[in-house]
Each structure stands twice: as C-alpha cells, then as structure tokens.
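Please look over the model below.

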Amino acid sequence: MEKPLSVVDLHCHSTASDGRLTPTALVEAAAAAGVELLALTDHDTVAGIAEAQAAASHCGLRLLPGIELSSTWQKRTLHIVGLGIDPQAPALVAGLSGLQQLRAERATAIAAKIEKLGVKDALQRAAAIAGDGQITRTHFARLLIESGVCKDMKKAFKRYLSSGKPQYVAVQWPAPEDIIAWIHAAGGRAVLAHPLRYDMSAAWRQRMLTAFREAGGDAIEVCCGNSETSDVNTSAAEAVQHGLQGSVGSDFHDPEQRWARLGRIPPLPNNVTPVWAGL
Ligand code: AMP
Ligand code: MN
Ligand code: MN
Ligand code: MN
C-alpha cells in the first residue's frame with residue numbers, strides 16, 4: 001500500500017554513493033514529491049552535499065547535510081546516520097578518509113572473488129559503474145546483473161554479496177563510539193539507521209540499543225520507507241524505552257524501487273521526540 005507523504009525525509013542516497021539520481025536530480029525529485037526537509041545521507045561520503053545544497057536553494061526545499069556511516073559492533077555491521085553535520089569538520093574528514101580506505105581495500109577483495117565467477121576486470125568495471133561515487137556492494141551487484149551472473153539485485157545479494165555468501169568480504173569498520181564522536185564533532189546528531197533491518201533477535205536488538213545509547217547515540221530511525229505499522233510501533237516503544245529520539249527516512253536509492261520512495265514514510269508517533277527539532 002502507498003505510504004502517506006512525510007514532508008520530512010532524513011535518509012536517501014545519490015550518485016555520490018549507491019543512489020541512481022545525481023544530487024541535483026534527487027533534490028528536484030524530493031521537492032516534486034512534496035518533501036520540505038531532506039537529508040542527503042550517502043554511504044561514507046559527503047561528496048554530494050555541495051551540489052545538493054545548491055539544488056535545494058533553487059527548489060524551495062531545506063537540505064540538511066547528512067551521511068550514513070559504516071560501523072562494526074559485536075562483529076555486525078551497523079549503519080549510523082549523521083544529521084546536520086558540517087561536512088568540513090576535521091574529525092569527520094579524517095574519519096572518512098579511513099572509511100574510504102577500508103572500502104577501497106574491500107572492493108579489491110570483492111572483485112577478486114567476483115572474478116572467480118568468470119567476470120573479467122571486476123574492479124575496473126565496478127569502479128566504472130560507481131563513476132565518481134563511493135564504491136559499494138550495490139555497484140558489484142549491478143556488475144553481476146550486467147554480466148548475466150544473476151537476474152536482479154535481490155538475487156545478487158542473496159546468493160553472492162550478503163554476509164556469509166561466497167563474494168562477501170567482512171570488514172572491521174570503526175566502532176559506534178568513534179563514529180558517533182565524529183558526528184558530534186561535526187555538530188550533528190547520530191541516528192541508528194533501520195534498527196529492524198539487522199539480522200538479530202529482539203534480545204540482541206535491546207543490547208544494540210543500550211550500546212548505541214551508551215556510545216552517545218541520539219536517535220533511531222523509527223519510520224523507514226518499508227516500515228509497516230507494527231514496525232513503527234516496535235521502534236517507537238524501543239526509542240522511548242532507551243531515551244532515544246526518533247527519525248524518519250525513506251532510504252531512497254532508485255526510482256524503480258517502489259518500496260523506498262522519496263517522502264513516502266509512515267508518520268512518527270506523537271510520543272517520540274523528533275530528532276530534527278532544532279536542527
Ligand atoms: P555496502 O555499504 O557497500 O556494504 O553496501 C550496502 C548497501 O547495499 C546497502 O546500503 C543497500 O543499498 C545495498 N543492499 C544491501 N543488501 C541488499 C539487498 N538484500 N538488496 C538490495 N540492496 C541491498
Ligand atoms: Mn545503500
Ligand atoms: Mn543502511
Ligand atoms: Mn541508506
């Protein structure tokens with residue numbers, strides 16, 4: 001069912017990482033969809049923000065500079081969104097250069113594993129697909145599809161690129177306390193992205209939320225593009241329980257992905273404090 005319009009959307013991707021739209025096209029699409037406050041949150045890069053800011057000033061939409069950072073906690077990858085960051089803050093810039101180095105090393109290792117499937121020049125081709133953008137597993141998934149190894153994104157992850165699958169390469173990303181410290185040093189708020197999308201039990205999720213709060217985290221995404229009412233209720237209760245604020249974000253990547261559309265997010269329940277108040 002079509003989700004209601006939220007005029008706030010604090011999680012989406014452009015061609016600076018694994019999104020399909022340029023920052024300009026993304027901002028225009030968000031404004032056309034009715035979004036009034038948008039955060040661009042590319043994976044481990046702020047490269048799209050200046051262009052998005054310029055586009056926003058022409059569209060009558062407010063853009064919050066953001067980012068989605070990769071973190072490792074208890075051997076699991078968590079995504080932490082920074083909202084309202086200064087993209088030039090030295091601690092953040094230094095942290096990003098380390099993350100980008102880890103991504104580059106991982107890309108080389110993934111490419112070697114993809115070549116075992118008979119795909120030639122995997123690194124160069126994935127880099128060409130990523131263009132100027134930060135290279136991600138999404139680009140390797142597109143390479144697998146282009147090469148005829150699999151039919152769609154879902155299969156590319158399910159069979160090859162997800163944790164435990166043959167083309168998966170584990171990375172020790174920085175710890176949540178480091179990531180959160182960079183976000184705070186850049187004047188932003190730290191939001192645990194899509195808390196229900198990690199493959200963990202409710203008991204582990206409780207531990208994760210406790211650790212995230214203790215590491216200085218400010219909020220969790222209570223409402224995501226693919227959230228059902230029961231998911232929103234679960235995350236709202238957990239936000240309140242852990243003293244965390246709430247965020248809303250579609251996690252838009254691609255106009256063809258119907259389950260994550262710009263601004264199509266269930267509303268934040270009234271008992272949760274919006275993370276964007278005062279930003
Ligand atoms: P990376 O940060 O390079 O490991 O790539 C993570 C990105 O891959 C996520 O942000 C998603 O955009 C994408 N992704 C992960 N799992 C899936 C999946 N099952 N189907 C489609 N995209 C996925
Ligand atoms: Mn992504
Ligand atoms: Mn994510
Ligand atoms: Mn995302």
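The report covers the basis of the model, the overall fold and one metal site.

## Basis

This is a predicted model, in which local features need pLDDT of at least 70, side-chain atom pairs count only at pLDDT 80 or more, and totals for chains, interfaces and linings use all residues. Residues are numbered from 1 along each chain as its sequence is written, chains are lettered from A and ligands numbered from 1 in the order in which they are written, and side-chain values use heavy atoms, with hydrogens and water left out.

## Overall fold

The protein chain holds 9 helices and 7 strands (DSSP runs: H or I of at least four residues for helices, E of at least two for strands). Its C-alpha trace spans about 55 × 45 × 45 Å along the principal axes.

Of the 279 residues, 52% count as buried (under 20% relative accessible area, 1.4 Å probe, protein chains only). Contacts are heavy atoms within 4.5 Å. Among contacts between residues at least 6 apart in sequence, 73% join residues at least 24 apart.

## Manganese site

E68 (OE), H79 (ND1) and H194 (NE2) coordinate the manganese ion (ligand 3) at 2.1 to 2.2 Å. Donors here are N, O and S atoms within 2.8 Å of the metal (3.2 Å for Na, K and Ca); water is not among the atoms, so sites may look incomplete. The donor spacing along the chain is E-x10-H-x114-H. H79 sits in strand β4 (residues 76–83), and H194 in the loop between β5 (189–192) and α8 (202–214). The pair is 115 residues apart and links distant parts of the chain.

Both H79 and H194 are buried. The manganese ion (ligand 2) lies 5.6 Å from the manganese ion (ligand 3).

Note on methods
Buried means under 20% relative accessible area, exposed over 50%, partly exposed in between (1.4 Å probe, protein chains only).
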